[in-house]
Amino acid sequence: MADEIDNTSDDPREKAPLVTGGLDYAGVTDTVCNIAERKTTLAWKIAFLIAISWLGILGACIGYLMTTGVGVWGNNQPASWGFPIVNFVFWVGIGHAGTLISAILFLFRQNWRTGINRFAEAMTIFAVICAAMFPGIHVGRPWLAYWLFPLPNQMTMWPQFRSPLLWDVFAVGTYGTVSFLFWYVGMVPDLATLRDRSTSKIKQIAYGIFALGWTGSNRHWHRFERAYLLLAALATPLVLSVHSVVSFDFATSQLPGWHTTVFPPYFVAGAVYGGFAMVLVLAIPARELFGLKDLITQRHIDNMCKIMLATGLIVVYAYADEFFTAWYSVNHYERFAFMNRVWGPYWWGWFTMTFCNAIAPQFLWFPKLRRKLWVVFTIAVLANVGMWFERFEIIVTSLTRDFLPSSWWMFKPTIIDLLMLAGSFGLFFTLFLLFCRFLPVVAMAEVKTVMPHSHAHPEEPGHRRDEHRSDYWPDEHRPDTDDDDSGYDPIAPQAVPAPA
Amino acid sequence: MPSINHHVTGIEYWRSLEQLADAPEVLDALDKEFPGYEADTIASSSRRGFLKLMGASLALAGIGLTGCRRWPEEHLAPYSSNPRGRIPGVPEQYATMWELGGVASGLLVTSYDGRPIKIEGNPTHPSSWTVKGKIGSADGFAQASLLEMYDPQRSAKVVARTKTGEKRDSTWKAFESFASKHFGEQKADGSGFAILSESSSSLSVADQKKRLLAAFPKAQWFEYEPLTRDGERDGAKTAFGRPVRPVLHLDKAAIVVTLDADLLSTHPAHVRYAADWSARRRSADPSGEKPGEMSRVYVAECGFSITGSVADERLPIDPSRIYPVAKSLAARLGVTGVTSDEHLSEMEEKWVASAAADLKQAGSAGVVAVGPAAPPHAHALGYAMNQAIGAVGNTVMLVEEQEADRPSHFQAIADLAGQITSGKITTLLIIGGNPAYDAPADLAFAKAIESVPVTVRLGLYEDETSAVCKWHLPRAHYLESWGDARSWDGTAGIVQPLILPLYGGKSAIEILAIFSGESETAGEQIVRRTWKPLLKGDDFDLEFRRVLEAGVLEGSEFPAAKVEPRAVSYPAAEPRRPGLYIRFEPDAHTYDGRFANNGWLQETPDPLTKLLWENAANFSKKDADALGVTTDDVVSISVNGATLPVAVYVLVGQPVGVIGLSLGYGRTVSGNIGNDLGFNTYLLRTSNAPYSILAAEVRKTSESHELVMTQNHHLIDSVGAAGRDKRIGEKYESGKIIHEASFAAYKANPGAALGGRTVGLQLFDPPNQFNSPHAWGMTIDLNTCIGCNACAVACQAENNIPIVGKQQCRKHREMNWIRIDRYFKGAPDDPRPEVIYQPMACQHCENAPCEQVCPVGATMHDSEGLNTMVYNRCIGTRYCSNNCPYKVRRFNYFDYHSQDPRHTGMPWNNLPDNQQMETVDKIKRMVFNPEVTVRMRGVMEKCTYCVQRIHRTATAKRAEGKDVEDGDIITACQQACPTQAIVFGNLNDADAEVTKLQKNPRAYAVLDATLDTRPRTRYLAKIRNPAATETAKEA
Amino acid sequence: MSTLLEDEEIRLTTAEETPELIAVLSEFTTVDQVITAARRLRIAGFTRWDTHSPFPLHGIDRAMGIRPTILPWLVLGGGLFGLFGALWLTWYTNAHDYPFLISGKPVWSLPANIPIIFECTILCASLTAVFGMLGLNRLPLLYNPLFKSERFRRVTNDRFFIVIDVSDPKFDLRQTPRLLRSLGAVAVEKVED
Amino acid sequence: MSEGTTKTRAEAATPPAPSRHLFPRWLNYLLPALALAALGGGVYVPVLFGFGASPKTLAVGYQPTQPVPYSHALHAGKLKIDCRYCHTTVEKTGFAALPATQTCMNCHARIKTESPALKPVFDSWSTGMPVTWVKVHNLAQYVYFNHSAHVTHGVGCVSCHGRVDRMDVVTQVQPLSMGWCLECHRNPELNLRPRDQITNLGWTPPAQTDAERLAYGLDLKKQYGIRDVTYLTSCYTCHR
């Protein structure tokens, strides 16, 4: 690490390089493609074996659940929702960073996103898969879950669109679809790169099919960029809406501890916080293992730490706000819900959450600590733990002690609950490892656009030298003051060098 | 074509067809009789045994939720010939009676196509009516006895055991040939022949007993019940020289003083007493029957009973203090020969002074009741006090006791054990009961039975006693057999069978007839023979039928006893000995152990401890602290050399110095449901001290035992306790969800009951009033609810609610649609905590929070205000339950109906929606109410306001062109409630009782002010009538 | 099979079927060169030609004279379809076809349905954006004569190409390759089908 | 940023091997064709499934073989026996009881006493065991249909059972699905008839035009006091 270039400087006069190690285009291509092309490493094999074993356990648990009933979990009356929904909200939250990086940072022209967006997006999709699984299997009769969709039927029954759960179905479904399209569309040029580099026929066919016959035509690039921009513009409100809608599950209910208007921004901030933490958890080992230090640089990590710190502070503010609102409402049930959260039987959950989400990220204020990767990694792991406990606290403490003391009861997870939580990580890492093994983990085409020599240095008069402009910005929408055709004809005979 | 309104009888048709039959065109048509059919395709019909039993048709209705083809092929089996007057698909009701511990109560059994599916109280029987002629109540045991009848583990075979104890199946024929040989030899002598019977009030049993003793003059008849009321008999003997039975009239009682008498729950006449008691509580309202009057109840008790929990002035004391308290009270009332020389504690002194003052003032409107566990002299004092205040003849009737000359049950069984040990008994017939399990431990009765050469047992189950008898005979359930019985006041009625014996059992009278070698062994004929002299009319058949239909023989009460009090010398009370008293109590689930295999009762929480599926040792907080134990810790209790480890339950309000132990758990041979649950406290019981005994040693052990209960909020951390207290209110004060007031305050200002209630303001006019064409609503009177669980069992039976089992209850997944929330007010060590019961079922909120969150529309409102729950649409997201502020929704985490309650959560590798159809036991299905869907796994369920009853009545009324009137529709819980605390009806009807009650100044809706849920169920605030506040006010 | 087009000679392939020449392909090494070349080609009046690059080139649109795509309008249409479709769906199902009484609320109100409407709008717009882009680009097109060129494999790596179709009115088999070389192409090849 | 700082790896980046897989040309046509097929299939398969699995397909026309080849066409059609002669309980209970064997024997004690086809009936009469008929009109088990509620309020037998008086073998003619039930529950007026015409399967309303039919139905609806559509389409009207 000592020999790494510190490109984390925030000095506005100096533009920090986003690609280090002196890589040119081919260097970038080699670095990234090498991961998919080289022989399977032992480390990958071991990691994959572990991940797929947990996936197998998850499958076995689901089989047991299906044949037996949702009672295999610890859910009860009053805690009708337990681990499955905690896990659902947790994973949906994790799934926020990818599209946020792709869409919002794209619109804000944060060029550093290009180093991490691909696998952050992949992470998003896999997290959404993990998330979507839980509500699907948590319903009492999963084989009838298709009733959530408005399909014409002989009963003439339709879904009930006032239910936030149905909003969830639409929000998470849309989010999963759009994220996937975003990820895949962005990957097409890179798949074409892998296709063009492959020597084996199988790979050429496989990559060839998924590359859709991409030729790098600039007429294609034009529409591609426009589509990408539109997707980013659409995904930006979407990414904010998804966790808002998920938070409506709670916010629109009347349960003390759930029924609060601060939830949508609070959840979104929490999701971004947790999502970036997860990106860091994945990126820090990945850049070591796959040799991506030149593409995922200190600066990338530094920026992510700052986002974590910012969103973490929003989360802390939301925590404080909840308590203030409860106190200020003079509503006994609200006040009790928060007293109970801190001093009730699940106090350990609250303290874990507070430590992980409110105290731990404060270390990120210090640039020195941000540069120590093990510190960042630890804080990121803690942030994920904290975010899981946040959802646990919200769901479990509110449900176990609501209005009537007669129905108060503790929630205790069963072994199946724990195995399925671990199993969902198995699913996530299985997919992620497969992605790392076979797909371009860094958006090569995008990285190349932020490399210095990707910009034309035309000697022609009138060309705008604008380093900081987005490369994707549609030029033709700018007022074209300098018409190229005015008086300069590059194909005039005098310009054509005579044949040797 | 005849008008549909004029039903044309079959005869008319027949006539016209007869004429038709000879018409030429008909004969012509008949030639091609069955066009379209080939003769050989006609298959002979197969049938199932139980279909025949059930008669027609709806065998499968209501079972399971779905099928395929769309539907699997179903068969219909009509009657061969229609039974007279029976319309398939219309439930019918039959009156009958049942006995528990030798005292009967009247029942009305609903039968659906030949299978009894619901037991209710008989509204015409004085033991069970709550609104005379309209509503009858039956307690939880009586209602749950239905499940007992269908119990697949009930004894179905005659079993013979060889001398070596080897068991083999036998037949009635084999037994009869053995009996005729064995008893034929003993005829006219019978020395060495003993009969041990459970207690019975049956006239026919008494007649058969006479006949048997005539056939075997030297035979001896013993009677034993583990939970006996012989203490009262002994007390009467002390007071009057012979036993008499006190029959109370609490509807006339302004002041009720009980000394360890649980009149409202474990007393045999508790339904009557509770109904009468409630009349004097409801009258607190300015609009009541006797407006502005309210009884005051003083309870001195050694445990914590239901009566104690609704008492206005409760005095928790240990068993040794009952007598001195009674004596002091008597002295103050001026009972002759009693001097007030007892030293009382401050609490006792206050209670006695207040009670004495009230009793004196009330005069003949007062009543003193003494419980069975009290010593005879306390009973004598009770009789004397009633005499002294003039209550006898008004609130207390003394009537003749049945079999006045029999020895007490504990004497009888000790005598029998002695005779067996000395080898005098060679043949022992045991009718019912379960003495091998429940006889006092010092008698080692199971061993004794084994030593008798010939033992015959008639029992419902092959239980502990059957296991040590040479012959076990299956007994017919009372719903399967003929018989007769008398209630506490002596009113006689007939027990009629609702179904043929499912498992080929025989009743006690039939068995006794076989033993006596009588020619008449058919139950019905025996009963008719017994009743012949009782019925006055000329036409016996008609009179008998009339009694059968009404279920009651009017005017058959026991005659009043003409007794003169004797001069009794009352000894000084013995000083209290140090140590902890053990007090044996009947169990709320199993009674004395007999209902151990009854899942409905196992899963009905104990009214006060809310324990399920097991018992525990109730400790006061003070005693538990002294011992260093708390709930779930195991202590070891030693008495007379016997030691029992038992789990502790710290019960708020348990008298200090008393360990409450309920009898009836720790069964080992009861069936799959009841085996190996709880603690067998009979092991500590001795024949000389059957009610209470001083423990030799109580020691803390290192073990712990996680007790299963439905509510534990009285055992929580300080944050939770603070939140709870705010909601239920401090002692004597209203809280947020519970409202209460003292009677004095309420009389002065009816609004006091709801003091400080806020009214929610509406932001918009509700778009729907939910009142077309009816507006269903309910009120629940917290003032009269005694938490007895009758409604919960009624709901379970009516609505096909599954039994989930102990493990599921431990996870808190019990399914009772109506739960009775029990709150204690007061510190954990408060000796006199306030108790409030709040039955909580779906509130049918107009702005129901559950509805808006269901993504598939499985729960929504109908136009009459019912919050509908459509099981077949439910996919089980459980969101509705989360959003229900009352947490009254219940979820089928597993397919509970198709699983053994002791082993839930077994995988099922088939189409999930078919699980019930393929795995629910055929016999178990017969108990289902066909008008209510049997829910499968993965769906939510909840109280429906008994929508099936609403529709059944409303449809029938509409077919007649009428609308429902008030009182036509009675929900199952309302029906069962002995105190009429629950009232249901149409809020559109201004004259309906429910409408009036919802306008009562005590009426409020739980959480409505907070959440604007607009519940259709409203509660009436509790009114307490403590002596203290009144005196304080006067002062 | 593609063939290298040398300036001096045009070597024909030995393919079994007579290949048809459809375009010439020229390789460039830097962004500057290719943009300059594109600008010149456009000014020279070429119309059926294209540039290929591993990443979108800044300024190439103007240099090549690419007209703005109609994709945004398609996306707007998709979004409006989603919006009104969802509006109609929620109204038809919950308020018209089978109105339910839910929680004492009106049978239909806009706020409760906004999340659904929003999500459907986004979903339809996004699908239109992706499939519209693919459709306008006529992708997927798995067979493309350009892939016959080994040289062209570097188009997704680090090289830039200009392809001029033979059907271009300005195309001349002799002059055009020369022009390309003069613009800085390091190699010029025939593309045959 | 300048050329000098980058290290050229162009040589290394040369494609390693010359072999390159070329997709056949027809794939370019296949893919759009596949996309179209997928789109078409995406519509076709659910529609096929929807129709195939609908009660209209599965239930209508159900014609099980009965143990006795009883002909409604003969008894109800030719002999004009009223429905209620056998199905005695329709006006009184939810359940339309099948006739007891006794009902058959009212006539068949004298008519066709030797018929082999009637053997199950005679056997039942002599043994007391029921004849096991196969249920034709089957509803889901969570539907609580009440015959009396319909029959006493002007819904004729024919509305659900069809022209049974013309059926030799009873066949299901209506889907009996929830959607089908709701059609009538939403517009009951079109299926109402006078009380004395309930069992007259051939009855036609005294109306020439649709408007007259509607007015006639609305009049009957008022007369019977039929509930409003909200009540009739509430869940608890049919489910519990």
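Predicted model: local features only at pLDDT ≥ 70, side-chain atom pairs only at ≥ 80, totals over all residues.
How many salt bridges does the rule find across the interface of chain B and chain C? The rule finds 0 salt bridges there.

**Chain B with chain C**

The contact draws 15 residues from chain B and 7 residues from chain C. Together the two chains bury about 830 Å², with 64% of that area on carbon and sulfur atoms. On the side of chain B, the residues that lose the most area to chain C are B:Pro767, B:Gln852 and B:Met860, which together account for 46% of what that side buries. Although salt bridges number 0, the rule does find 5 residue pairs in polar contact, both residues at pLDDT 80 or more. Two or more residues of the chain B side come from each of α26 (849–852) and β33 (859–861) of chain B. By class, this side of chain B divides into 6 nonpolar, 6 polar and 3 charged residues.

**Chain C with chain A**

Here 80 residues of chain C and 84 residues of chain A take part in the contact. About 7300 Å² is buried between these chains, 63% of it on carbon and sulfur atoms. In chain C, the most area is lost to chain A by C:Pro56, C:His58 and C:Arg62, together 11% of what that side buries.

The two interfaces are set out below.

| Interface | Buried area | Share on carbon and sulfur atoms |
|---|---|---|
| Chain B and chain C | about 830 Å² | 64% |
| Chain C and chain A | about 7300 Å² | 63% |

Across the interface of chain C and chain A the rule finds 1 salt bridge. The side chains of C:Asp50 and A:Arg219 form a salt bridge, at 3.9 Å from N to O. Polar contacts between chain C and chain A amount to 29 residue pairs, both residues at pLDDT 80 or more. Elements of chain C that give two or more residues to this side include α1 (31–44), β3 (49–52) and α3 (71–97). The largest share, 17 residues, comes from α4(C). The chain C side comprises 48 nonpolar, 18 polar and 14 charged residues.

**A helix pair within chain B**

Helix α7 (residues 230–240) of chain B packs against helix α12 (residues 376–389) of chain B at an angle of about 65 degrees, and their axes lie 7 Å apart. The crossing of α7(B) and α12(B) is right-handed. Among the residues that meet are B:Gly231, B:Ala236 and B:Phe240 in α7(B), and B:His377, B:Ala380 and B:Tyr383 in α12(B). The contact of α7(B) with α12(B) has 6 nonpolar, 6 polar and 2 charged residues.

Note on methods: Residues numbered from 1 in each chain as written. Chains lettered and ligands numbered in written order. Heavy atoms only, no water. Contact = heavy atoms within 4.5 Å. Buried area = accessible area lost by both parts, 1.4 Å probe. Salt bridge = Lys/Arg side-chain N within 4 Å of Asp/Glu carboxyl O. Polar contact = N/O pair within 3.5 Å; in protein donor to acceptor, adjacent residues only side chain to side chain. Helix = DSSP H or I, 4+ residues; strand = E, 2+ residues; numbered from the N terminus. Nonpolar A, V, L, I, M, F, W, Y, C, P; charged D, E, K, R; others polar. Axes fitted to C-alpha atoms, helices over the stretch in contact; angles between N-to-C directions. Left-handed = near helix turned anticlockwise from the far one by under 90°.
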